[in-house]
Amino acid sequence: MDDAQIKEMVRVRYGGIAEAADAAACCGPVTSCCGDTAPGAPTDKSRRMGYTELELAAVPEGANLGLGCGNPQAIAALKRGEIVVDLGSGAGFDCFLAAQQVGAAGHVIGVDMTHEMLKKARDNAAKIAAKNVEFRLGELEHLPVADNTADAILSNCVINLVPDKAQVFREAFRVLKPGGRLAISDVVNSIPLSAELQADTALLCGCIAGAAPIAQIESWLEQAGFVDVRVTPKPESRELIATWAPGKGIEDFVVSATIEGRKPA
């Protein structure tokens with residue numbers, strides 16, 4: 001498949017997840033998305049990703065779909081009054097958590113390319129009358145955000161789904177203020193995928209086949225202009241990742257990692 005076909009497949013899959021969640025159904029079939037076949041409810045899955053009980057209790061019902069591969073909030077070090085952009089904001093889970101940290105003087109912008117997710121996030125914001133959160137339709141390669149806007153950029157297991165990851169990092173650099181920082185959780189490729197896994201198109205929107213090697217991610221970030229680049233694998237994620245496509249051995253090829261960088265002041 002070419003890049004446009006991959007992107008459309010991802011859009012359809014995650015739109016379906018949003019609709020299924022609205023119908024009080026399970027998030028989807030085995031290979032549909034990060035973490036959606038882990039045992040238990042979305043809150044159980046998010047606990048395994050590193051979210052605290054306080055964080056899980058702090059968002060409106062329906063915001064946490066149990067997706068993702070880590071907790072970018074844990075490395076974001078958000079402060080009162082900051083402006084935050086969340087790449088691939090889904091139903092708004094990380095946006096609502098960030099909004100509480102930045103307070104009324106701060107602002108959070110969620111960006112997602114899926115109409116169904118966008119509607120769900122906006123409905124969730126309306127439930128709690130959130131004043132410092134907004135959700136915008138857009139692709140991560142062309143963010144609907146002005147230059148030098150954000151103090152911090154978050155993302156949770158979404159950039160691996162984008163064919164042109166280098167462009168995503170260039171856009172993140174553009175949108176960040178001087179001194180702004182990245183706080184990303186994503187999957188990285190630890191060893192090359194087997195031919196069988198590469199041929200499995202379902203894994204393209206299952207956060208597996210699109211994972212990039214650590215050295216490549218570091219290179220993209222540095223080429224975009226970031227300094228203090230750090231990609232830190234999380235070996236403890238192996239058990240969680242194994243649940244995304246049981247029996248395929250994907251945990252031998254990819255691992256969750258935190259990705260950090262800073263735009264020079």
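This is a predicted model: local features need pLDDT of at least 70, side-chain atom pairs count only at pLDDT 80 or more; totals for chains, interfaces and linings use all residues.
**The largest core**
- The largest nonpolar core runs to 49 residues, and Val108, Phe135, Val187, Trp244 and Ile250 are the ones with the most contacts inside it.
- At least two core residues come from each of these elements: helices H1 (3-22), H5 (93-102), H6 (115-127) and H10 (238-242), plus strands S3 (133-137), S4 (150-156) and S5 (176-189).
- Leaving aside residues up to four places away in sequence, Phe135 touches Ser89, Gly92, Cys95, Phe96, Gly110, Leu118, Ala121, Arg122 and Ala125.

**The second core**
- There's also a separate core of 32 residues, with Val168, Ala212, Ala224 and Ile259 among them.
- As background, nonpolar side chains in soluble globular proteins tend to be buried together.

- H9 covers residues 214-224, and its buried residues are Ile217, Trp220, Leu221 and Ala224.
- Looking down the H9 axis, those buried residues sit within an arc of 95°, so they line one face of the helix.
- An α-helix has 3.6 residues a turn, so residues three or four places apart point the same way.
- Ala215, Glu222 and Gln223 are exposed on the other side of H9.
- The packing partners of the buried H9 residues are helix H7 (165-175) and strands S5, S6 (212-213), S7 (227-233) and S8 (254-262).

Technical notes
Residues are numbered from 1 along each chain as its sequence is written. Side-chain values use heavy atoms; hydrogens and water are left out. A nonpolar core is a set of buried Ala, Val, Leu, Ile, Met, Phe, Trp, Tyr and Cys residues joined through side-chain atoms within 4.5 Å. Buried means under 20% relative accessible area, exposed over 50%, partly exposed in between (1.4 Å probe, protein chains only). Helices (H or I, at least four residues) and strands (E, at least two) are DSSP runs, numbered from the N terminus. Contact means heavy atoms within 4.5 Å. The arc is that of the directions from the helix axis to the C-beta atoms.
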